[in-house]
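Trainee: Please take a close look at a single part of this structure for me. I would like to know where its side chains lie and what lies around them.

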Amino acid sequence: MMKRKRAVTKTPPRPEVPHNKVAGGDFFDKLHAYRDLHAHAFFSSLGRLLVKPFTTALTIGVLAISIALAACFYLLVANLEQLTGTIETSNQISLFLKDTVSEAEARKLVQKISKNVEVAEIKLISKDEALAEFKANSGLDAALDALEGNPLPVVLEVLPLPAQTNPEGLQKLQQTLQQFPEVDEAQMDMQWLERMQSIIKLSEQATQCISILLGFGVLFITGNTIRLELHNRREEVVIAKLVGATNRFIQRPFLYGGFWIGFLSGVAAWFIVTVIMLLLWRSVENLSLLYEGSFHLRFLGYGESMYLILLSSSLGVIGSWAVLVYQLRQLRPE
């Protein structure tokens, strides 16, 4: 009997199975997997906020008002500093020359004083100009016309450098100018300057204190919001811990939720501040016209706006992280 040959079937080659991007693969596969995980957490956290629009709007509204208050105080101080910069007479030194000094000698004195590195500008007011200005402001035209001569001296208005705002330095400059033999008297309203600088310094300190308090308020509100979200998803977090999820993996969507809350609050605060400044802009411009248009209301610049949004987003993340670290340590699956 002839033996039958057993048919041999060849198994087809297995297709190459790609490595798991998380557990294996090259560096770029792991990088793509890491990007996908963060992108999912990033957009899913925003979606969870949008599912509850009323609650989210209330939280963002409270935070936006707090951030907007701090920004408004900052702009108040910034506009005060701009106002003091436009009031040149606050640190202007007036030199009243002696009656015997002629205008030619006064111009030579101007050249001498202009060599001082602390002086930015000098304006010479002749006797005739001083008399005309005095007539326009006093209304005593008839009395002044009755005088035989011009009793007013030549005046030099010396404007120090804008960086020179220290009262001690200005007083030293005043004493230096007083030593010129042509100068009869050097005057400067130091009291006005000191008062204005004290007000600005007090405003800056008050703004810093208020901003710190409001910043802590943003941290606490954001942290409490994330704590409530973690409590509502407690069963989901417990199951994730049972299957081996790390705290870092669990924290990720909550941290992105805190980021979105801070980011949206910062954007809303920027709009609130801008609307407030626009409402005040017309009144401030009308007031500026009364002072020859020397002052213009300052808004938040591009860099300041970016810093406001970045700071609010960072506060949202920090507040969320502080709550999550504590809550996840306390939350242990039974």
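Mentor: A helix here is a DSSP run of H or I with at least four residues, and helices and strands (E, at least two residues) are numbered from the N terminus. Glu285 is placed in helix H9. This is a predicted model, in which local features need pLDDT of at least 70 and side-chain atom pairs count only at pLDDT 80 or more, while totals for chains, interfaces and linings use all residues. Residues are numbered from 1 along each chain as its sequence is written, and side-chain values use heavy atoms, with hydrogens and water left out.

Start with the rings. Rings of Phe, Tyr and Trp (its six-membered ring) pair if their centres lie within 6.5 Å; planes under 30 degrees apart are stacked, over 60 edge-to-face, and the rest tilted. The structure has 9 aromatic pairs. In one of them, Phe42 and Trp260 are tilted, with 4.7 Å from centre to centre and 45° between the planes. Phe42 belongs to helix H1 (residues 27–51) and Trp260 to helix H9 (residues 247–290), so this pair ties together parts that are 218 residues apart in sequence.

Accessibility comes next: buried means under 20% relative accessible area, exposed over 50%, and partly exposed in between (1.4 Å probe, protein chains only). Trp260 is buried, because its relative accessible area is 11%. Phe42, at 22%, therefore counts as partly exposed. Trp260 also pairs with Phe263: the ring centres are 6.0 Å apart and the planes stand at 85°, so that pair is edge-to-face. Both residues lie in helix H9, 3 residues apart, which is about one turn of the helix. Phe263 is partly exposed, since its relative accessibility is 28%. Ring pairs join Phe42, Phe43, Tyr256, Phe259, Trp260 and Phe263 into a cluster.

Now back to Glu285, also in helix H9. Glu285 is buried yet has no salt bridge; such a bridge is a side-chain nitrogen of Lys or Arg within 4 Å of a carboxyl oxygen of Asp or Glu. The nearest side chain of opposite charge is Arg282, 6.6 Å away (Lys and Arg count as positive, Asp and Glu as negative; His and the chain ends are not counted). Apart from neighbours within four places in sequence, Glu285 is in contact (heavy atoms within 4.5 Å) with Phe295, His296 and Leu297.
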